[in-house]
Every structure is written in structure tokens, then in C-alpha cells.
Protein chains: 2
Amino acid sequence: MNTVAAPQEGAIRVALLGCGTVGGEVARLLTEQAGELAARAGVPVELAGIAVRRPDKHPELPPELLTADAEKLVTSDEVDVVVELVGGIEPVRGWLLAALKAGKSVVTANKALLAEHSADLFEAADAAGADLYFEAAVAGAIPLLRPLRESLAGDRITRVMGIVNGTTNFILSAMDSSGAGYAETLDEASRLGYAEADPTADVDGYDAASKAAILASLAFHTRVTASDVHREGIADVTAADLAAARMLGRTVKLLAICERVTDDDGVESVSARVHPVMIPRSHQLAGVGGAFNAVYVEADAAGELMFYGQGAGGSPTASAVLGDLVAVARNRVVGGRGPRESAHAALPVRPMGQTPTRYHVSLSVADRAGVLAQVAQAFADHGVSIAAVRQSDVGDRASLVVVTHQAPDAALESTVDEIGRLDVVHEVVSVMRVEGEDQ
Amino acid sequence: MNTVAAPQEGAIRVALLGCGTVGGEVARLLTEQAGELAARAGVPVELAGIAVRRPDKHPELPPELLTADAEKLVTSDEVDVVVELVGGIEPVRGWLLAALKAGKSVVTANKALLAEHSADLFEAADAAGADLYFEAAVAGAIPLLRPLRESLAGDRITRVMGIVNGTTNFILSAMDSSGAGYAETLDEASRLGYAEADPTADVDGYDAASKAAILASLAFHTRVTASDVHREGIADVTAADLAAARMLGRTVKLLAICERVTDDDGVESVSARVHPVMIPRSHQLAGVGGAFNAVYVEADAAGELMFYGQGAGGSPTASAVLGDLVAVARNRVVGGRGPRESAHAALPVRPMGQTPTRYHVSLSVADRAGVLAQVAQAFADHGVSIAAVRQSDVGDRASLVVVTHQAPDAALESTVDEIGRLDVVHEVVSVMRVEGEDQ
């Protein structure tokens with residue numbers, strides 16, 4: 001790293017909060033590509049300070065830039081923009097609100113914070129005339145939020161569906177190719193560095209749910225927070241689920257799905273959910289392996305769009321952060337501002353139970369007359385229409401696979417509960433929602 | 001269509017030039033979604049006038065908006081933004097320069113004009129402090145230019161490679177699945193409405209070359225015009241080419257390829273080319289069928305990204321136009337400006353002959369000793385290294401397929417010329433460049 005030069009006149013001065021994998025990469029690129037960035041931004045972009053918990057642990061950084069006092073740094077007169085890469089809600093929320101109130105623009109990758117408190121942050125940004133950018137918060141390097149906020153601003157987005165968590169995608173891809181179980185594959189992912197020491201945020205779907213909240217908010221011009229998102233992780237996905245999927249030419253992915261739904265009475269609402277899903281192997285999301293992310297967007301005029309790329313990692317995330325930094329700098333130069341919060345549609349959030357889904361149910365049943373009739377009756381009793389049935393005999397038992405048409409998720413769930421209690425059903429082998437096919 | 005209301009105070013007033021498939025859709029959405037658009041833009045967006053060649057041919061449009069005098073409309077005091085959907089270079093170039101000089105912002109889908117005259121247009125926009133947006137000019141509905149101009153502004157793009165012309169992609173996909181020849185498939189495409197009455201601009205690669213020039217300019221911060229782009233169309237692609245590709249697990253696509261190359265002396269240059277390419281069937285671009293577009297972007301920090309969606313059609317293109325219109329309107333509201341031309345890198349354009357490529361050559365040769373040695377010697381004489389050879393006998397002839405490593409395109413071309421003159425070579429069955437594999 002170069003030593004720090006004297007501040008250049010008119011430069012945009014950046015405070016970096018956090019200097020781990022992503023922050024280190026941002027600091028490196030800001031220094032090494034200073035000339036390029038200045039040419040693109042129309043003004044030099046310089047590091048004014050770096051707040052880390054333990055400055056003595058960062059011998060690789062210029063000591064005169066380091067501080068442990070983030071609170072002081074974010075409102076310093078020496079700072080124009082705060083880049084936040086610490087993560088978590090407190091104390092970061094306080095720092096960023098203070099920065100925005102002091103007129104500093106903010107670039108952040110903090111999905112958890114945005115999924116809970118974006119309204120407060122946008123209000124503070126608006127009041128101060130400052131920018132708030134967060135491309136890196138969802139799908140890492142993939143330019144996804146700017147297209148949603150800007151390119152599609154003249155269109156009506158109806159659906160956003162994608163793989164937004166690399167850890168769970170790595171685990172499900174590995175389970176699919178090896179046939180191994182969840183616990184074993186998680187261990188392997190940890191060994192290879194694809195899962196954190198505490199993998200809860202990823203495997204239980206919290207990370208994906210935060211991203212779903214951000215995507216739904218932008219796509220539907222409605223405030224959707226993480227608590228509005230129905231969330232199921234992958235810890236209950238079994239080798240049997242993947243085997244059942246494989247038999248039907250499908251695979252299993254953890255998807256974030258945000259939808260705008262108009263019900264029979266013409267009432268519009270939105271829903272956001274994260275759960276494992278069976279999709280056909282021919283679906284473009286099925287081929288997205290390892291730690292990659294991919295997001296499908298459907299809009300009235302644009303039709304189907306897909307965005308694909310690396311969803312995490314130091315360099316890819318730094319690319320997104322620097323793109324935002326250049327935008328903030330350009331806005332300063334020309335005297336404009338980035339897009340503000342757009343929550344004018346304010347649509348109600350539909351609970352999961354009322355959201356239309358399709359189920360794949362794989363059962364081990366007694367091999368005798370009348371079993372299929374009983375099972376089919378249970379679906380009919382809940383108003384659920386069956387799309388496909390496949391029965392095959394294994395000794396004195398039979399394997400029965402049922403794929404339904406769309407029905408409210410609550411109806412599907414109660415149907416499965418009831419079927420599990422039938423005497424003729426030995427075991428509910430696998431229950432999973434189905435997406436990416438005709439309804 | 002509604003009748004025209006009195007102008008709303010503070011509204012952004014739009015002049016529409018051209019009202020065919022895309023223009024009609026823009027006019028419809030501006031009227032039907034006026035409330036939505038106003039909420040997103042922060043200000044009403046209204047049609048102030050529509051210039052068409054024959055106003056009497058448009059009974060579907062409000063007569064008080066129609067005019068045949070585009071030149072007058074674009075500088076009218078009633079107009080804030082000009083949306084140009086006429087296409088072609090003259091007289092459109094003059095209209096848009098006049099509009100920009102009068103301080104009107106411009107949104108255009110005119111790839112031919114931008115590929116030749118973007119420098120003039122950007123200069124006029126800069127001088128007047130007006131915006132120039134053109135998302136719809138490349139890859140229709142796919143948000144591609146905004147990500148390149150803005151999201152990746154802090155990264156270093158090394159490669160842009162994609163399917164940017166739907167007509168040729170439809171024809172090549174159809175030839176691949178039917179085994180039919182080019183002429184027959186073009187006829188079918190015309191019958192189905194996938195090819196224009198005069199298909200020259202598409203099948204000879206002019207359309208894709210214009211888009212390649214625009215993409216290379218944005219990606220590499222360098223002025224690249226259509227005449228800098230090496231261009232080959234698909235008229236010479238034969239059923240034999242597709243059969244040869246199929247035998248090797250490949251398919252043929254017309255790709256636009258823009259690259260930043262650093263030579264052995266550390267000198268940087270860019271290249272832009274459009275030609276048919278063999279790619280592995282496992283490559284993500286191979287699966288892009290019909291009239292869809294898809295573009296791969298590689299950047300130092302972001303890694304590999306892909307963008308996929310509908311590349312043409314009234315609605316998809318209108319989506320891109322309206323996104324730009326909302327951006328222009330927002331910029332007016334907050335007093336800012338969109339991104340300007342960024343040509344600061346000003347890298348030299350490398351001629352095709354010096355651009356490194358790989359060839360696939362399929363030959364019909366005499367089936368006798370020494371033939372392979374002669375062919376291999378011809379490659380060696382031109383300094384071209386061979387990656388793979390496959391020989392198979394058919395009666396007294398043999399089929400010989402050679403795939404090379406990377407070499408300057410001119411060296412590959414001369415090698416093929418020389419091989420074609422060898423006595424032992426009966427026929428050069430297929431010559432095609434190869435992409436999407438290790439070099």
C-alpha cells in the first residue's frame with residue numbers, strides 16, 4: 001500500500017468502516033486505481049480514515065489513517081462519504097444515521113441493517129440531501145439493485161426470484177452431486193471455507209431473507225422488512241429430498257422469491273419468502289452451481305431478465321462498493337443525487353399461508369387397494385388440485401409422489417399434516433415447494 | 001388512448017420521434033401508467049408531441065399531439081426531453097444535435113447513430129448540461145448499459161461477449177436443431193416475422209457491430225466506432241459448420257466480442273469484433289435460444305457476470321426507454337445529471353489481424369500417409385500451435401479436424417489459405433473461430 005499523500009483539492013474523502021476481506025480490497029483498489037477512479041468520477045477519491053476495532057492488528061494499513069473511533073470518524077469534517085463494511089445492526093445503525101445527519105453520503109453492504117432500518121436511513125439521507133447506495137448488500141458483484149431502482153423504473157416488476165446465498169447454494173449443489181446428507185456436506189463446506197464457523201445466518205436463511213426484503217422493497221416500491229419475509233433454511237433438506245427431486249428431473253435450490261399478486265377481487269399485495277424449492281434441471285437457475293448467485297426478474301414490459309455472477313468474496317463485493325462510490329462522487333461533481341427511497345406503492349404484505357405455491361410430496365404408503373383414493377381425497381378436502389401422480393411398488397410398500405397445482409400455502413400445509421396422519425401412509429419422505437414450471 | 005389533458009405544472013414534457021412498434025408502446029405506457037411514473041420520477045411525465053412521417057396514418061393517437069415536423073418539435077419550448085425511436089443516421093443526427101443544443105435531454109434507441117456519432121452527441125449534451133441516455137440501443141430490455149456505465153464504474157472490465165442480435169440467433173438456433181441450411185432457415189425466419197424484409201443489417205452483422213462499438217466504448221472508456229469493429233455475418237455459415245460443431249459438443253452463435261488486451265510489451269489496446277463462433281454446448285451462451293439476448297461481462301474485481309433477457313420487441317424496448325425517461329426526470333427534479341461520456345482511457349484499437357483468436361478447421365483430405373504431417377507443418381510454419389486433432393476415415397478420404405491454440409487472427413487466416421492450396425486437401429469443409437474454452 002502506498003503511503004498517504006496530502007489531501008488533493010476538491011477530492012471526495014472516504015471513511016472506511018471495517019477493514020476485513022472486503023474493506024481491505026476496497027482500500028487496495030482506492031489506492032492502486034486512484035487515477036482510473038478519478039477519471040471516471042470526475043474528481044479524486046481518497047481514503048480519509050479507516051475505523052477498525054483493533055488498529056494495532058492492521059500493520060498493512062497506513063497508521064495515520066487508522067482509528068478505533070468510528071463514531072468520531074463518520075462525522076469528521078475531513079470526510080465526505082462513509083463506506084460501511086462492518087455488518088450487523090448496532091452500533092452501525094447509529095454511526096450511519098449520524099453520518100447521514102452530518103450530510104455525509106453512505107455506501108454500505110449491510111443487508112441486515114437495510115432489511116430492518118432502511119426507512120430511517122432513507123429519511124436521514126433525504127433530510128440531509130445525502131446519497132445512500134447499497135449495491136453490494138445483495139448478490140455481491142452482480143449489478144442488480146441499480147437495474148431494479150433505475151433501469152426498470154419505468155416498468156412494473158411482478159416477480160424477483162433467485163439464488164442469493166452462496167453458502168447454501170454450495171451445500172445444495174454438493175448434496176445433489178454426491179448424494180450425501182446435510183450435516184456431512186455442511187462439514188465439508190466449512191472445511192473448504194464456504195461456510196462460516198457459525199453458519200446460522202446462511203443455512204437458516206436469515207441472510208437470504210434480508211436480501212429478499214431489500215429486493216421486494218425496491219421491486220414493488222413498498223417497505224418490506226426481514227420480519228415480513230417467510231423464512232425456511234436448508235437444515236431440514238435431506239438426501240431423500242434430493243433423490244426425490246432427481247427422479248423427477250428436478251434439483252433443490254434455496255430461493256428468495258418476491259411476488260406481486262393480484263387476488264380475485266383485484267386487490268394487490270406483495271409476498272416475500274425464502275425456502276428450499278424444487279426446480280426443473282432445465283431451468284436456468286438449476287445450472288447455477290457453487291458459490292454463484294443468479295436472480296430472475298419478471299416485469300410487464302421487459303419480460304424475463306436474468307442476472308448472474310459472484311455473490312460474495314472480497315473482490316466482487318469491492319467492485320460493487322467502488323461502483324457506488326464513483327456514483328456518489330459523480331453526484332457531488334454535478335450537484336445531483338442518487339435515487340431516493342421509493343415506497344409510494346405501499347402495498348400490503350401477504351402472509352405466507354395465503355401465498356399461492358405448489359407442493360411436491362413424496363410418500364411411502366401401504367401397497368394395497370384404496371390407498372391412492374384416500375390420499376387423493378385428503379387433497380380434495382382441502383381444495384388442492386393434483387397436477388401429477390407417480391406410484392411405484394417396492395416390496396409390500398409403494399412409493400407415491402404427488403405434485404399439486406397452485407393452492408394457498410396454508411391449504412397445502414394442512415393437507416400434508418392430514419396425510420401424515422393417515423394409517424395407510426407409513427412415512428412422509430419429502431415435502432417441498434415447486435417453482436419454475438407451468439402452474 | 002386517453003385524450004390529452006392540460007399540461008400539469010412542473011411536468012417533464014416529452015417529444016416522441018417515431019411511433020412504430022416501440023414508440024406506440026412508449027406512448028401507451030406514458031398514458032396508462034402516468035400515476036406510477038410520476039410517483040417514481042418525482043414529477044409528472046407527459047407527452048408533448050409525437051413526430052411521425054404521416055400523421056394521417058395514426059388515427060390511434062391524439063391528433064393534437066401529432067406533427068410531421070420533427071425538426072420544429074425537438075426545439076419547441078413545450079419540450080423537455082426528446083425520445084428518438086426513428087432510427088438511422090440522417091436526418092435524426094441533426095434533430096438530436098439541435099435538441100441537445102437547445103438544452104433538451106435525449107433518450108434514444110438508435111444504435112447506428114450512437115456507434116458513429118456518440119462523440120458529437122455527448123459533446124453537445126455536455127455543452128448544454130443535458131442528459132443523453134440510450135439503454136434501449138443495446139440488448140433491448142436487458143439493463144446492460146447502466147451497469148457498465150455505473151455499477152462497474154469502479155472496476156476494470158476486460159471482456160464483454162454476447163449474443164446481441166435476435167434475428168441471427170433465431171436463425172442459428174433453428175439451423176442447429178433442424179440441420180437445415182442458411183438460405184432455407186432465413187426464409188422461415190422471414191415467414192415467422194423474426195427477420196425483416198431486408199435482413200441485411202441483421203444477417204451481415206451491421207446491427208451487432210453497432211452494438212459492439214457502443215459496448216466497447218462504455219466498457220473500455222475509449223471511443224470505438226462501428227468502423228473499428230471487425231464484422232462478419234452469418235450468410236456463410238453452412239449446415240456443415242453446424243454439423244462439425246455438433247460432433248465436437250459445440251454450437252455456433254454470432255457473438256459480439258469486445259476485449260482489452262495487454263501485449264507482451266505491456267501495451268494496452270482494445271478490440272471489437274462480430275463473427276460466428278463455435279462455443280461448447282455447456283457454455284451459458286449456448287443455451288440462449290430464439291430471439292433472446294445474453295451478454296457476458298468479465299471484470300478484474302467482479303469476475304464473471306451475465307445478463308440475459310429479451311433483446312428486441314415493442315414492450316421490452318419500451319421498458320428500457322421508460323427507465324431512461326424516469327432517470328432524466330429524476331435528474332431534473334434533483335438538479336443533477338446522468339453519466340457523461342467517459343473516453344479518458346483513449347486506448348488504441350487493435351486490428352483484427354493482431355487480435356488473438358482460436359480456429360476450428362475441418363478438412364476433407366486424402367487418406368494416405370504423410371497428410372497429417374503436411375497439414376501440421378503448415379500450422380507450424382505460421383507459428384500456430386495445435387490444441388487438438390481428430391481424424392476419421394470415410395472411404396478413400398479422411399475427415400481431419402484441427403483446433404488451434406490462440407494465435408494472431410492473421411496468422412490463422414494465412415494458415416487456412418495455405419492449407420486450402422495443399423494437394424492432399426480436397427476441401428476446407430468448415431473454418432470457424434472458437435470461444436468459451438481454455439486457451
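Which residues does A:Lys211 touch, not counting residues up to four places away in sequence?

**View 1. Surroundings of A:Lys211 in a predicted model.** A:Lys211 touches A:Lys111, A:Ala137, A:Val138, A:Ala139 and A:Val164, leaving out residues up to four places away in sequence; contact means heavy atoms within 4.5 Å. UniProt, in an unreviewed entry, places the feature "active site" at A:Lys211. UniProt positions follow the numbering used here, feature names are shortened, and annotations may be inferred rather than shown by experiment.

**View 2. A:Lys211 in helix α10 of chain A.** The helix covers residues 206-220. Helices (H or I, at least four residues) and strands (E, at least two) are DSSP runs, numbered from the N terminus. A:Lys211 counts as buried because its relative accessibility is 6%; buried means under 20% relative accessible area, exposed over 50%, partly exposed in between (1.4 Å probe, protein chains only).

**View 3. The open sheet of chain A.** Six strands run in the order β3-β2-β1-β4-β5-β6, with parallel pairing. Strands pair if DSSP finds at least two bridges between them. β3 (66-67) and β6 (132-133) stand at the edges with a single partner strand each, so one side of each has no neighbour in the sheet. Two bridges join β5 (residues 105-108) to β6. A:Val107 stands opposite A:Tyr133 in β6(A).

**Notes.** Residues are numbered from 1 along each chain as its sequence is written, and chains are lettered from A and ligands numbered from 1 in the order in which they are written. In this predicted model, local features need pLDDT of at least 70, side-chain atom pairs count only at pLDDT 80 or more, and totals for chains, interfaces and linings use all residues; side-chain values use heavy atoms, leaving out hydrogens and water.
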